[in-house]
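Dear colleague,

Please find below the sequence and structure that I am handing over to you. My notes on what was found follow directly after.

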Amino acid sequence: MSHDLDAFMRRHEHLTGDARIDTLHEEFYALLQALREAPREQAADALLALITHTREHFAHEDDEMTSGNYPIRECHIDEHAEVMTSLVQVHERLCQDDHSALPRLVQALEDWFPGHVQHLDSALAQWLVKRRHNAQPIMLRRHAASPG
Ligand SMILES: [Fe+2]
Ligand SMILES: [Fe+2]
């Protein structure tokens with residue numbers, strides 16, 4: 001299924017309820033747009049910027065899932081790894097002046113991102129928000145019980 005990524009972002013359908021994840025996704029979108037619009041001689045740099053940011057983005061989500069023992073993390077982490085592999089492979093080809101795979105990569109990322117956000121990242125964000133919420137009363141009780 002093909003998605004209109006611009007409309008997805010414009011309608012704020014990317015918002016998950018976790019501010020850090022939402023910011024990472026807005027930055028991802030901006031860097032993907034920059035890659036889409038980059039002239040040929042700047043494409044490798046634009047893709048490298050996207051790779052650097054996506055490493056941070058995926059590492060943040062992977063760390064949250066791993067450190068919090070998130071129950072359905074495996075397919076999510078695997079999907080991140082697959083996307084990173086594709087990004088790096090196309091960057092290697094750009095560095096050899098082979099641009100043939102770039103349009104397909106950009107289209108694949110635009111098709112992939114909304115579904116990933118709505119299915120996997122939203123579920124993770126809801127779980128993070130719920131965990132934060134549940135933790136709050138325990139902290140308050142501890143504070144209230146501590147000697148004064
Ligand atoms: Fe994400
Ligand atoms: Fe993700």
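Helices H2 and H3 pack at an angle of about 165 degrees, and their axes are 9 Å apart. Helices here are DSSP runs of H or I of at least four residues, strands are runs of E of at least two, and both are numbered from the N terminus. Axes are lines fitted to C-alpha atoms, for helices over the stretch in contact, and angles run from 0 to 180 degrees between N-to-C directions. H2 and H3 are therefore roughly antiparallel to each other; angles over 145 degrees count as such, whereas those under 35 are roughly parallel, 65 to 115 roughly perpendicular and the rest oblique. The crossing of H2 and H3 is left-handed, a term used if the near helix is turned anticlockwise from the far one by less than a right angle, with clockwise giving right-handed.

On the H2 side, the contact includes Ile21, Leu24, Phe28 and Leu31, and on the H3 side it includes Ala46, Leu47, Leu50 and His57. Two residues are in contact if their C-beta atoms, placed from the backbone, lie within 7 Å. The residues of this contact divide into 12 nonpolar, four polar and three charged. Ala, Val, Leu, Ile, Met, Phe, Trp, Tyr, Cys and Pro count as nonpolar, Asp, Glu, Lys and Arg as charged, and the others, Gly among them, as polar.

Please note that this is a predicted model, in which local features need pLDDT of at least 70 and side-chain atom pairs count only at pLDDT 80 or more, while totals for chains, interfaces and linings use all residues. Residues are numbered from 1 along each chain as its sequence is written, and chains are lettered from A and ligands numbered from 1 in the order in which they are written.

As to the overall fold, the protein has five helices and zero strands. Of its 148 residues, 21% are buried; a residue is buried if 20 or more other C-beta atoms, placed from the backbone, lie within 10 Å of its own, exposed if 12 or fewer, and partly exposed in between. Among contacts with a separation of 6 or more, 69% join residues 24 or more positions apart.

H3 also meets H4: their axes come within 10 Å and cross at roughly 165 degrees. These two helices are therefore roughly antiparallel as well, and their crossing is left-handed. Among the residues in contact are Leu47, Ile51, Phe58 and Met65 of H3, with Ile77, Met84, Leu87 and Leu94 of H4. This contact comprises 15 nonpolar, four polar and two charged residues.

H3 itself covers residues 43-67, and its 25 residues should span 36 Å at 1.5 Å a residue; the end C-alpha atoms are 35 Å apart, which agrees. The expected span is 1.5 Å times one less than the number of residues. Buried residues in H3 include Ala44, Leu47, Leu50 and His57.

Glutamate 92 lies in H4 (residues 74-95). This glutamate is exposed, with 12 other C-beta atoms within 10 Å. The C-alpha atoms of glutamate 92 and alanine 44 are 8.7 Å apart, although 48 residues separate the two along the chain.

Finally, some backbone angles deserve mention. Most residues other than glycine have a negative phi. Histidine 12, in the loop between H1 (5-10) and H2 (19-37), has a positive phi near 60 degrees. Aspartate 97, in the loop between H4 and H5 (102-145), has a positive phi near 65 degrees.

With kind regards
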